[in-house]
Structure formats: structure tokens, C-alpha cells
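Subject: Structure handover

Hello,

Here is the structure I said I would pass on. My notes on what was found in it follow below.

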Amino acid sequence: MNVPVSRPVAAITPEEVRRRLRGGEEIALVDLREEGPFAQAHPLFAVNLPLGRIEERIAALVPRRTALLVIYDNGEGRVNRALPVLAALGYRNVSVLDGGLEGWRQSGGEIFIDVNVPSKAFGELVEHVRHTPSLPAPELKERIARGDDLVILDARRFSEFNVMSIPGGRSVPGAELALRVRDLAPSPATTVVVNCAGRTRSIIGAQSLVNAGIPNPVFALRNGTIGWTLAGFDLARGALDRAGEPGAANIAKARAAAVQLAAQTGVRVIDAAGLSALEADPARTLYKLDVRAPEEYEAGHLEGFRSAPGGQLVQATDEWIGVRHGTIVLTDDDGVRARMTAHWLRQLGWREVYVLDDRSGLSFLRGPEPPILADSLPEVETVTPRNFESEKCGDRLLIDLATSPEFRKGHVPGAVFAIRGDLSGHPRLKGAKNIVLTSPDGVAARIAAPEIAAATGARLRVIEGGTRAWVAAGLPIETGFDSAAALSEPIDVYKRPYEGTDNAAAAMQAYLDWEFGLVAQLDRDGTHGFFVYVPA
């Protein structure tokens, strides 16, 4: 990543970027900083792609290599380091944002904080327009104490629900709500309360059920688990309750409602021939996403489709889709989840959203989604976990390129945390003769190995299969984070105020206050293209 740029690269003004966003043209606005600094300030539709993760992530985020790719930093020099990497990967339409982040600010561009902001701002807009009904935590607590007829449905991922949840709640991730709610609340008199950790998934989940026309009273839990905690109530830990399989009659009802919603919001339905036509268009950036639960995806999915559970896709679209105004094709196996997800994506300003309903003649695969890389992995010297564990080398330096949360959860004993972008020229690497790299599955380590070897002249090896292979071999791990030993500060992941169980009340309240102000920020920004569906 230190190869000098050998050809001039076009600059693009912030005003031109905003014009293209408003005009519906394909554009990827990429922030090359780590997630921590990114979360402190960025344009609304900026996608976070740290310098050291480009080779790992860009092929999934920006699959068409002739799409307009606009990169920026905040004066850290990451742009010049990224340009030769992008050129080597075949990205041929790269521009640099004139003035970087500061140029955006000085040009009058709106600055947003936090992550997944388009979805969060949209959620606030939905509540503002539709007046989505909500219950404050004390009222829900009273209803539970009285024994009222109600169900509490948690719209987050199961992993989040398991960490902390409203007592008595059940995990029903967002895209599953309309499919499963009729079985969970068969009586129309049963009150349905949808919650998440903060606001967005509560609002979108509750409004999904209202849009789907279920007869029950529906409410979002106002401010989610944050609101529950700020009211002084305890959360449950380690809950395991999930929704069961829906009945055939209720699937049919859910599908009928979803078909109507999709049509009314401009979602288009295609078959295999329609998909083939989209794939054949060289001027179109195409995203093919399976919105079912991850375990369903692994049991069998269409070849070429990525796993993107629908609730998370609406909540964090920028984690799957890097090109604003790209084309999106969704699929499921019930006709409900893809359409419900698609009707939200259309409102989020995605102009071409399709549901692949007839999948006849298409190929299916089993297993988890493989890494989607922009290039083949380099050949590197590897060492098996057991051979590494048995070595008696006192001078070796073991570097782990996991994210900081992954590193905290478990790493090879003696490993030190590092952000790849920090390693070139790092003083701790000067004079190193024996460097070993690892990462969760070994992919990031293999990608980084040639660069670090060239920069240091050291012998460079990679633990075969990474830390997961180490664990699979039955070898011990360490947990925690040693700041003194680390080669980088853990700024690679932004600590969300709504995640975990140790958040300060002041931080949670500040987060809610920020969310309340997002609608006004959208008005000032003017590039979003959102609309909110209101039935006639």
C-alpha cells in the first residue's frame, strides 16, 4: 500500500457528489478511516471501508469495478496509499473527494455521526410521518404486571437478543415479523409490542406490522432496551426464546399483504430470465441478497446470492451495499420476507429493487457464504497451529489482525493486536526478523503478509486457518486486551451506546437525543431521496 501513485487521479467536488446523489446516479462514496473516527463525522451516504480492509471487503461492497468510486480521508494520507491498491484490483473509475472530509464540511455538506445513519435517520422520518404508535417503558411494565394479553417481539439479531432483552420477550428479527406474527398472536385482541435496543428497528418493525394490516394493536417500545434501562428496570440476560415455524394459512395471509405492499411501493418482481438480463448489463451494479435467516441460507441458497437477513439489511444497508443507487435483487422461499424488506428499501431511496420470486432452473448451494475477495489470495509461508504452538522461538512477533472485539473475545496466547494500516513503518517492527500473522480465518493475515514482509524484510509466516483453526485444534486462547502490548489503538470498531450491558446512562440518553435530531439533519442534507409510504 506504499506504492507511489504513477498517474493522475481525478478530483471530484463535494457539490458534484451531492448532484449525483440527488440525481440517482450510481456512486460509491468511501471513507478510508477506521470505524471509530468515521463514526465521529462523515457524509450521510459515506460507506466505511478502512484502508487495511480494502482487499477483503471491496468486492462485496462495490462489485462492479467500473462504478464511480469516490474516496476520502481527513488528511491522514490514506487516500494516496489506497489508490495503487484500488488500481491493482482493477477499479478504473476512482476519484478523490476534493478537500476530503474537511472539504465536504466547508462546502456546506451536512456532517453526520454514528454508524448506519441513513437507516436510523429514515426510521425517525417514518415515525415522524406515520406517527408509529409507541409505548413508554413504564406503561409496558405496568401492562406486564397486570397480566395483559400481549407479546413482546425483539426485532434485533438473535445474538443481540441473547445478550440483553426485555423480560418475557421473544426473538423475531425484523424481516420475520410479518411472516410469523399471526402465529405468535393468533387473537386479534393480543397487543403486539416490538422492541430493539434503541429506536430504529422498533419503529420499522412496528410499522411493518401496521403496513401489513394485522388486526392487532401494535406498538413500538419507545427507545427500546435503552428506554427500559433508563426507566430503572432490569433486563433479562441469556434469553433463548425464538419464534416457531408459521402455519401455512398464516403464510398465505402474510404473502398476500406483502404482495400488495411491494406493488404499492414500486418493487418489481422478476424470474430467472429477468435476473439474467440484469446480470448482463455492464453499466449496472447488482446486489443479489438472500434475506432469510443465516441458518436457512446455510441449509441451501441460490448460487451467487449473499446472506443479508432482511431486518439487518434495512437497519444497516451500507454494510452490504456500497454503491448508492445500485440495483438490488432480494429473494426468500416464502414470498413474504423479500417483499417486506424490498418495500422498505424502496422507501430508503433505492430506485431499482427487485424480488426474485420464481427461482426455477437456478443453481443452489449449501454452506456458509464464502469470503468475497477482489483478488486471489497470495501465496505465503504458513505454519499449522500445532507446529506454531510447539516452536521454541523467543524472538518471534505474533500479530493478530482481528477486529478489536474479536481480539478481546479470544486470541492466540502472546498475540498483539494491530490495525493493518498502522503497520507500515511502525517502530515496533523495525529490526523484526520473525513475524507471524493471524486473523480470525487467516484471510486478512494472508492478504497483509506480502506488504509487511516487503516493508520489514522479516521472515513472514501466517497461521494456517487463523485463530479459528487454533481453537479447532483444541489449543488454549487468551482473552482481554493489553493496551501496552498492542501495536494500535482499538479505534477500528465504534462502541455503540446501545450494545453490551455496561453502558452509561448519560451515553444512552445522548444517543437518543441525537436520534431525535436526525429528521432535521435530513432536511438540511437534501441528498437522501427517502419517501414514506402512506396508504391511500
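The radius of gyration used here is taken over C-alpha atoms, and the globule rule is 2.2 Å times the number of residues to the power 0.38. For the 536 residues of this chain, the rule puts a compact globule near 24 Å, and the chain agrees because its own value is 24 Å.

Two notes on conventions. This is a predicted model, in which local features need pLDDT of at least 70 and side-chain atom pairs count only at pLDDT 80 or more, while totals for chains, interfaces and linings use all residues. Residues are numbered from 1 along each chain as its sequence is written, and side-chain values use heavy atoms, with hydrogens and water left out.

Overall

Along the principal axes, the C-alpha atoms occupy a box of roughly 70 × 50 × 50 Å. The chain has 22 helices and 22 strands; these are DSSP runs numbered from the N terminus, helices being H or I with at least four residues and strands E with at least two. Of the 536 residues, 57% count as buried, where buried means under 20% relative accessible area, exposed over 50% and partly exposed in between (1.4 Å probe, protein chains only). The accessible surface of the chain is about 21,400 Å², and carbon and sulfur atoms hold 52% of this surface; areas come from the Shrake-Rupley method with a 1.4 Å probe, and for residues only the protein chains shown count as cover. Among contacts with a separation of 6 or more, 78% are between residues 24 or more positions apart, contact meaning heavy atoms within 4.5 Å.

Cavities and a pocket

Both were found on a 1 Å grid over the protein atoms alone: a cavity is a set of points where a 1.4 Å probe fits but cannot get out, a pocket is an open set with protein on both sides within 12 Å along at least five of seven lines, and lining residues have an atom within 4 Å of a point. Grid points are joined across faces, edges and corners, and a volume is the space filled by probe spheres set on the points.

There are six cavities of 30 Å³ or more. The largest cavity has a volume of about 170 Å³. Its lining has 19 residues, with Gly174, Ile204, Gly311, Val314 and Trp344 nearest the centre. At least two lining residues come from each of helices H6 (117-130), H10 (200-211), H15 (310-315) and H16 (337-347), and H10 has the largest share, five residues. By class, this lining has nine nonpolar, nine polar and one charged residue. Here Ala, Val, Leu, Ile, Met, Phe, Trp, Tyr, Cys and Pro count as nonpolar, Asp, Glu, Lys and Arg as charged, and the others, Gly among them, as polar.

The second largest cavity has a volume of about 140 Å³. It is lined by 14 residues, and Phe45, Pro118, Asp318, Arg324 and Trp350 are the closest to its centre. Strand E3 (46-48) and H6 are the elements that give two or more residues to this lining, which divides into nine nonpolar, three polar and two charged residues.

The second largest pocket has a volume of about 440 Å³. Of its 24 lining residues, Pro63, Lys288, Gly304, Arg306 and Ile372 lie nearest the centre. Helix H3 (54-61), strand E12 (286-290) and strand E13 (301-302) each give two or more residues, and E12 gives the most, with four. The lining has 15 nonpolar, three polar and six charged residues.

Loop residues

Most residues other than glycine have a negative phi. Asn116, in the loop between helix H5 (100-106) and H6, has a positive phi of about 55 degrees. Asn116 counts as buried because its relative accessibility is 7%.

Asn223 also has a positive phi, near 70 degrees, and lies in the loop between E10 and H11. Asn223 is buried, at 13% relative accessible area. In the loop between strand E10 (218-221) and helix H11 (224-230) is also Arg222, which is partly exposed at 36%. Beyond four places in sequence, Arg222 touches Ser134, Leu135, Pro136, Arg199 and Gly227.

Thr190 sits in the loop between helix H9 (177-184) and strand E9 (191-195) and is buried at 6% relative accessibility. Leaving aside neighbours within four places, its contacts are Asp149, Leu150, Val151, Ala185, Asn216 and Pro217.

Regards
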